[in-house]
Amino acid sequence: MTTVDSPGRHDTANRPNPARWLVVAIPYVWLFLLFLIPFLIVLKISFSLTAIAQPPYTPVLDLGGGISGVIEAFKEFTVENYLWLTEDALYAKAYLSSIEIAVVSTALVLLVGYPIAYGMARAPKAIQPMLLMLIILPFWTSFLIRVYSWIGILKKEGLLNQFLLWLGVISKPLTILNTDTAVYIGIVYSYLPFMILPLYAALERLDPTLLEAAADLGCRPSRAFWRVTFPLSLPGVIAGCFLVFIPVTGEFVIPDLLGGSNTLMIGRTLWNEFFSNRDWPLASAVAVVLLLILVVPIVIFQNRAERGEGAINKVPM
Amino acid sequence: MAAKAIGPVRRTFAPWDDPAAPPFIEFRNVTKRFGDFVAVDNLSLTIYEREFFALLGPSGCGKTTLMRMVAGFEEPTEGEVLLDGQDLAGVPPYRRPTNMMFQSYALFPHMTIEANIAFGLKQDRMPKAEINARVEEMLTLVKLTPFAKRKPHQLSGGQKQRVALARSLARKPKVLLLDEPLGALDKKLREETQFELVDLQQELGLTFLIVTHDQEEAMTVADRVAIMDHGRIMQVATPAEVYEQPNSRYVADFIGDINLIEGRIVDRAGGRVWLDCGEAGGMIEVEQAMEAATGDDAWFAIRPEKISLSLEAPAAPSVNCITGEVWDIGYLGDVSIYHVRLPDGTTMKSTVTNRTRLVERQITWDDRVWLTWPRDAGVVLTR
């Protein structure tokens, strides 16, 4: 030992500090109890078989049976549900169509949200808190009620059709409700704040001097947007896209209320399996596969960030 | 960097004394208002080609606004700004042949150093090979070639400053605008960089316009300095003139340290002025040709280093001799500043070079001392 530290100091550093330990542990305990355990339960059910019983699957893990009981249960596990997902084209279609709807609506939300976020970030500093407030305001009303209200707007005799008829743009009412269009409208409306908030955060901290520098170097404003503003707002764009894409992929309420019978989304399929067919194991398998599908882009993004391309996250100066 | 043998060249460079010299940047009765606030107040100023011109003043004096009008980020409310004979009104920043080095450097954080320097050249649609060559040249100029592939956040403050300089010089602008370019650097680096800037300006033969609140910086780098206050120019002159012959108390006080004594002009004759400074300074005789009339209020201004300090009364009765007590001594290492209290309670400062070591210091607190200075050491100011 050649350390110059006094032994006393060394001891203090190594002594477990309960308060510190607690602070570190809280998020892990939270995730363990409320994410990992429920997920393991769902995973376990997905390897089970349906049964007309309570709970409606078999085997039921009986911890009272000791280790041998658990091993017995494991022996009964089956991948049949996953095989079934590949056999019935319905599921593949539902996954693909969900992803398609999520991709398209994420793009739409980005297209609508970016100008709004940009305008907010460029607005006078004094009114920015109010604008932010207006973006968050819809959250004060129940999500379900807000989606319901779109039925009143989009239906045949709804507000939108009446307005368009009055304007003379159309001569007979459009069928919007119960189509994919209605689903897109609902999604764009509902998820807009999740896109705007991270975009605003990224654009708001963008140093306006950078745009002056670009102009000074001979760059006209439209080019400066693509060469300076947009690349520097990418962290916000990526965050916003994740915040929209992931929940939209599993969205159930909007397609159920606004979509038609042929709007196929995996969230709805999941609901049907659980509550209509009461096939918990198959529903669990659907959920596990959905999770895997969503985890892939997140992992890719994480890797990208770790490779150091996340340097654009660094605030200049 | 260029060799230091620039002295004679710089001394002969004085287009402002030549009435035939064409103006390069010209402000004609420029006023700029932001709401009720007048940032620039009916200001006229001429800057010549290849000049290193400094706008100096406290914050809020309008110097930055003036520079931003050349860059195109602000348009004058009234008046005109001309560059090389062309009226700049309505010309957007991206079409002006000026480049600016920003106080915050404003480097693009998502681009490498190379890409930052190439940015302006790409806007000009220069061929790729030429861009590469120019970027290489600029990197060599600021000695940052090994850092070409780095991102700005991986550089030190001094390196960022040099990247910003290289980027603003890459397009070979007609005018380089420098907005507090050295403000973020520490003192030593700042002093080195000041000389580098001067060398660079000589080497490239460009017109530099610098904005600074640091009078030492302005004096070191500039051919001429404009001292500004409240949107007006108080004096435009070479650093030596501004220091030795300030035209007002404001300028005298802003540049360096100065003693000001209030008095009244009692006589003028043969290029000399006599000032009655009452109890504070008695009768002061100054060698100066001036317009003011006898009986006018005036101020005598003298730099602390021009006053000699002695423990004994001068043997022969000398002009300009006052006596007082040492009130305080400020030791700065190279020099000491003696604060001498005069009979009427005002304080005069006298700077003495510390040729000997401190322990051998002759004059100390509460000593009676005599302050003397020659006729041509100070100036009489009437405003």
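The model is predicted, so local features need pLDDT of at least 70 and side-chain atom pairs count only at pLDDT 80 or more, while totals for chains, interfaces and linings use all residues. Residues are numbered from 1 along each chain as its sequence is written, chains are lettered from A and ligands numbered from 1 in the order in which they are written, and side-chain values use heavy atoms, with hydrogens and water left out.

**Chain A as a whole**

Select chain A, in which there are 14 helices and two strands; helices (H or I, at least four residues) and strands (E, at least two) are DSSP runs, numbered from the N terminus. Chain A is more spread out than a compact globule, because its radius of gyration is 26 Å, well over the 20 Å that the globule rule gives for 317 residues; the radius is taken over C-alpha atoms, and the rule is 2.2 Å times the number of residues to the power 0.38. Taken along the principal axes, the box filled by the C-alpha atoms of chain A is roughly 80 × 75 × 35 Å. Colouring by burial picks out 37% of the 317 residues in chain A as buried, where buried means under 20% relative accessible area, exposed over 50% and partly exposed in between (1.4 Å probe, protein chains only).

**Helix α7 of chain A and two partners**

Next select residues 143-154 and 180-204 of chain A, which are α7(A) and α9(A), packed at an angle of about 140° with their axes 11 Å apart. Axes here are lines fitted to C-alpha atoms, for helices over the stretch in contact, and angles run from 0 to 180 degrees between N-to-C directions. The two helices are therefore oblique to each other, given that angles under 35 degrees count as roughly parallel, over 145 as roughly antiparallel, 65 to 115 as roughly perpendicular and the rest as oblique. On the α7(A) side the contact (heavy atoms within 4.5 Å) is made by Phe143(A), Arg146(A), Val147(A), Trp150(A) and Leu154(A), and on the α9(A) side by Ala182(A), Ile185(A), Tyr189(A) and Ser190(A).

Gly152(A), Ile153(A) and Leu154(A) of α7(A) meet Leu159(A), Leu160(A) and Asn161(A) of α8(A).

**Helix α3 of chain B**

Move to residues 113-123 of chain B, helix α3(B), which is mostly covered, with eight of its 11 residues buried. Among these buried residues are Ile113(B), Phe119(B) and Leu121(B), and the buried residues pack against α10 and α11 of chain A together with α4 and α5 of chain B. After α3(B) comes Arg125(B), whose phi is positive, near 55°.

**Two single residues**

Select Arg268(A) in helix α13 (residues 266-276) of chain A, a residue that is buried at a relative accessible area of 16%. Leaving out residues up to four places away in sequence, Arg268(A) touches Glu251(A), Phe252(A), Pro255(A), Asp256(A), Gly259(A), Gly260(A) and Thr263(A).

Finish at Ile329(B), in strand β16 (residues 321-331) of chain B, which is buried with a relative accessible area of 10%. A C-alpha to C-alpha distance drawn from Ile329(B) to Arg68(B) spans 43 Å, and the two are 261 residues apart in sequence.
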